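Please look through the sequence and the model below, and then read the short report that follows.

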Amino acid sequence: MVDLGTQYQEIKSEIETAIQEVLDSSVYIGGSVVQRFQQSLEAYLGVKHVIPCANGTDALQIAMMALGLKSGDEVITPSFTYIATTEVIALLGLTPVFVDVDPKTFCIDPSKIEAAITSKTKAIVPVHLYGQACDMDAIMKIAKQHNLFVIEDNAQGIGSDYYSETGEVKKLGTIGTIGCTSFFPSKNLGCYGDGGAIFTNDGELAIQLKMAANHGQKVKYQHDVVGCNSRLDAIQAAILNVKLPKLDEYVAKRIDVADFYDRVLGVSDKIVVPYRDGKSKHVFHQYTVQLNGVNRDALQTYLATKDIPSMIYYPVPAHKQGMFKSFNLGELDLPVTESLTKNVISFPIHTEMTEDQQSYICSEILNFVNAN
Ligand SMILES: *Cc1c(COP(=O)(O)O)cnc(C)c1O
């Protein structure tokens, strides 16, 4: 699905120099390399505070801890997402309230959020799925009206621009109260291990976020609140210092690949290519289509015989996972989520893809759907 090896070959000498500098400095945790990355990411995003942490899951957890969310508080989120989003809600004893997604964008449907709000609702966690922005204008309006926090799960959307109704252009992940991202190797901005970051423009909140990520301490050995230990290490930060300046180029390459897929696969009425709503730059963390009357399992099996990987993100929605059994969620009515889990399929997309590879993949996909 991705080709991290070829990408590494392109930047090998820069990466090796950066890692060697960390080794020579013997500062492996914290220090100037991590600080430099934090400041570069703040500048790139146009956000006041970036708090680096150990991974994207921690970023979400720390965000909820720093906001002081407590057991019994309700958090509105989609069920059609990677499990991390909803898992941390459960881990902190909060109650996930699942809202259906929009059939075109695959992101949380703002028109269904208000009906899910109760006196216990504290936050909305929109997920910019596959690199497509949620309708943040609508979400922020609802949040303001009901006094709710918004935590953007931007693990798949880093590098995207959001064109708000007011005409402002903001980096995705910097619109809500807090934004969270992941630097997992296959993400749009990936390191060579685990990494994550949290963003906010709120200075008070930044202090709380830093404390939550660092054993609840502001001053060494004074632990004011219960926190956790979540750090981006210096070697990963060094790698990210090399890759961040290339993020826009990487995103442009992904968009080129998506454009090609759209052109070739879009001719088939059995394939619904990704929708682009024009309210943001879709950064294509995944290239995900909906199948229309095609046997998905059979397509995957066929593609595998042609050495073409494909994936289902995500085959089981969060609300149907065993981890939520004890939550007595009852019968939830999430028809779009249910339908997408059955019909979506993702094809390879990465920054080093060649036209030959893409032509081959597309022709095999079309071979199958036209014959079946
Ligand atoms: C990858 C991902 C996460 C978690 O990030 P990790 O770094 O793997 O912990 C959270 N949410 C979404 C939507 C993701 O894609």
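An N or O atom in the side chain of Ser182 is 2.7 Å from an oxygen atom of the ligand, a polar side-chain atom of Gln156 lies 2.8 Å from a ligand oxygen, and for the side chain of Asn55 the distance is 3.4 Å. Taken alone, the ligand exposes 380 Å², and the protein buries 92% of that (accessible areas come from the Shrake-Rupley method with a 1.4 Å probe, and for residues only the protein chains shown count as cover).

This is a predicted model, in which local features need pLDDT of at least 70 and side-chain atom pairs count only at pLDDT 80 or more, while totals for chains, interfaces and linings use all residues. Residues are numbered from 1 along each chain as its sequence is written, and side-chain values use heavy atoms, with hydrogens and water left out.

## Residues around the ligand

The residues around the ligand, including Tyr82, Val127, Asp153 and Lys187, have a heavy atom within 4 Å of it. By class, this shell has 4 nonpolar, 6 polar and 2 charged residues (Ala, Val, Leu, Ile, Met, Phe, Trp, Tyr, Cys and Pro count as nonpolar, Asp, Glu, Lys and Arg as charged, and the others, Gly among them, as polar).

## A residue in helix H1

Leu23 has its place in helix H1, residues 4–25 (helices are DSSP runs of H or I with at least four residues, numbered from the N terminus). Leu23 is partly exposed, with a relative accessible area of 39%, where buried means under 20%, exposed over 50%, and partly exposed in between, with a 1.4 Å probe and protein chains only.

Terms used: A polar contact is a pair of N or O atoms within 3.5 Å; within protein, one must be able to donate a hydrogen and the other to accept it, and residues adjacent in sequence count only if both atoms are side-chain atoms. Helices (H or I, at least four residues) and strands (E, at least two) are DSSP runs, numbered from the N terminus.
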